[in-house]
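Subject: Structure handover

Hello,

Here is the structure I promised to pass on. Please open it next to this message, and my notes follow below.

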Amino acid sequence: MGLEQVIKEEAARQGFPLAGITTPDPPAHLEFFERWLAAGWHGEMAYLASEHSRQRRADPRLLLPECRSILVLGVPYDPSRQEEGEKGEGNKGSIAAYAWGEDYHSVLKERLQRLAAFIEAQVGHPVPSRVYTDSAPLLERELAQRAGLGWIGKNTCLIHPRLGSYFFLAEVLLGIALQPDPSFTVDHCGSCTRCMEACPTGCIGAQRSLDARGCIAYLTIELKGAIPEELRPALGNRIFGCDVCQQVCPWNRFAPARGDQAFAPRQDVPAPDLPAELGLTADGFRRKFASSPVLRAKRSGYLRNVAVALGNVGEDAALPALEWAARANLDALVREHAQWAVERVKSRIKKGDSPQSRKERRDI
């Protein structure tokens with residue numbers, strides 16, 4: 001058995017069922033990425049456009065000068081849950097599927113370090129290495145496609161023909177030469193445009209491009225200021241991330257119902273009750289989402305998102321919590337979004353179009 005196969009089998013034991021090898025050659029999609037930056041589609045994610053970041057994306061060897069091979073890995077997580085928290089019923093909020101469990105950064109880093117140590121033990125001498133998971137200036141999806149893990153779909157997610165797109169990517173840069181795997185060259189999206197048509201804000205464009213400024217994941221996580229008013233209704237009840245373009249993808253029909261258990265939904269964190277969430281203190285927020293990716297939004301961003309969701313789906317009973325947040329919250333960002341939500345809910349009540357009113361009409 002060759003070293004490459006030994007490494008892949010150990011990767012599977014470490015929780016990476018997907019594993020492929022590629023070279024640290026400059027990425028073919030670099031010119032497209034530069035055009036994407038020039039168009040400003042990265043929004044306020046200035047770190048993507050820094051000279052330091054761009055140079056390293058152009059040449060992975062700047063991250064590890066001795067790099068001769070890149071091991072690209074994938075680990076699946078549970079698909080998006082189609083339940084109360086997804087539908088926005090009963091003042092419930094929706095969180096992206098990947099964020100219901102443990103933070104993948106910390107979980108996968110430990111596994112990657114163990115895998116790097118295993119490789120070093122196999123070759124019998126020190127091996128220069130660097131491990132990353134969504135934490136370095138690498139064009140991860142291109143590396144994964146070159147390593148044979150799947151193709152880049154029209155929604156810009158990497159799609160595997162058996163696992164769909166609900167998985168994390170990670171990389172081990174290695175200072176040893178390994179036989180690279182064949183690139184995944186077949187585009188299985190065909191003429192399908194379901195993801196483009198279903199996107200709530202229409203931010204998925206042609207040629208597998210995405211204007212992050214309209215993406216709900218960007219608006220609810222990366223954006224630190226006010227969410228543009230014209231985009232707020234499109235958020236629905238989503239308070240952290242968005243799975244719509246994955247939910248409608250036909251290839252996710254083949255995805256396993258369960259992913260890695262480290263990222264399984266935490267039983268102690270049910271679908272968020274939106275009015276109650278508005279009362280989260282700073283300590284309460286940190287305790288509730290300890291070891292969770294949701295911490296990335298920070299409390300002010302999270303409560304901003306909660307206020308917008310209530311403005312979109314909130315029932316009459318949500319008004320007291322919103323009115324309190326609009327006047328009592330110490331964060332001006334939260335107050336502004338809560339006031340917007342108050343006006344939205346009151347407008348629906350006046351028109352007799354609140355969720356509670358619609359339920360009552362159905363029950364008659």
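Which residues does Tyr 302 touch, not counting residues up to four places away in sequence? The list is Ile 239, Pro 272, Glu 277, Leu 280, Phe 285, Phe 289, Val 294 and Ala 297. Keep in mind that this is a predicted model.

Cores

Tyr 302 belongs to the largest nonpolar core, which has 85 residues. Tyr 302 is among those with the most contacts inside this core, together with Leu 71, Tyr 98 and Leu 322.

Next, look at the open sheet of 4 strands. Its order is E1-E2-E7-E4, and the pairing is antiparallel. E1 (18-22) and E4 (129-132) stand at the edges. Each has a single partner strand, so one side of each is left without a neighbour in the sheet. The twist averages 15° from one strand to the next.

Gly 74 stands opposite Leu 169. E2 also pairs with E1, over 5 bridges and again in the antiparallel sense. There, Thr 22 stands opposite Ile 70.

How many of the 8 residues of E2 are buried? The count is 8 of the 8, so E2 is largely enclosed by the rest of the structure. In a regular strand the side chains alternate between the two faces of the sheet. From E2, Ser 69, Leu 71, Leu 73 and Val 75 point one way. Ile 70, Val 72, Gly 74 and Pro 76 point the other way.

H1 (residues 3-13) lies across E1 and E2, at about 145° to E1. H5 (residues 104-123) lies across E2, E4 and E7, at about 35° to E7.

Aromatic pairs

The model has 15 aromatic pairs. One of them joins Phe 33 and Trp 36: the ring centres are 5.8 Å apart and the planes are at 25°. An angle under 30 degrees counts as stacked, so this pair is stacked. Phe 33 and Trp 36 are 3 residues apart in helix H2 (residues 30-38), which separates them by about one helical turn. Phe 33 is buried, with a relative accessible area of 10%. Trp 36 is buried too, at 15% relative accessibility.

Tyr 98 and Phe 240 form a tilted pair, with 6.2 Å centre to centre and 50° between the planes. This pair links distant parts of the chain, 142 residues apart. Tyr 98 is in the loop between strand E3 (94-95) and H5, and Phe 240 is in strand E10 (residues 238-240). Both are buried. They also belong to one aromatic cluster with Tyr 77, Tyr 104, Tyr 166, Phe 168 and Phe 263.

Ser 209

Is Ser 209 buried or exposed? Ser 209 has 8% relative accessibility, so it counts as buried. Ser 209 lies in strand E9 (residues 209-210). Its side chain reaches the backbone oxygen of Ala 206 at 2.6 Å. Ser 209 also touches Phe 32, Trp 41, Thr 156, Cys 203 and Ile 204, not counting residues up to four places away in sequence.

Best wishes

Terms used:
Residues are numbered from 1 along each chain as its sequence is written. This is a predicted model: local features need pLDDT of at least 70, side-chain atom pairs count only at pLDDT 80 or more; totals for chains, interfaces and linings use all residues. Side-chain values use heavy atoms; hydrogens and water are left out. A nonpolar core is a set of buried Ala, Val, Leu, Ile, Met, Phe, Trp, Tyr and Cys residues joined through side-chain atoms within 4.5 Å. Buried means under 20% relative accessible area, exposed over 50%, partly exposed in between (1.4 Å probe, protein chains only). Contact means heavy atoms within 4.5 Å. Two strands pair if DSSP finds at least two bridges between them. Helices (H or I, at least four residues) and strands (E, at least two) are DSSP runs, numbered from the N terminus. Axes are lines fitted to C-alpha atoms, for helices over the stretch in contact, and angles run from 0 to 180 degrees between N-to-C directions. A polar contact is a pair of N or O atoms within 3.5 Å; within protein, one must be able to donate a hydrogen and the other to accept it, and residues adjacent in sequence count only if both atoms are side-chain atoms. Rings of Phe, Tyr and Trp (its six-membered ring) pair if their centres lie within 6.5 Å; planes under 30 degrees apart count as stacked, over 60 as edge-to-face and the rest as tilted.
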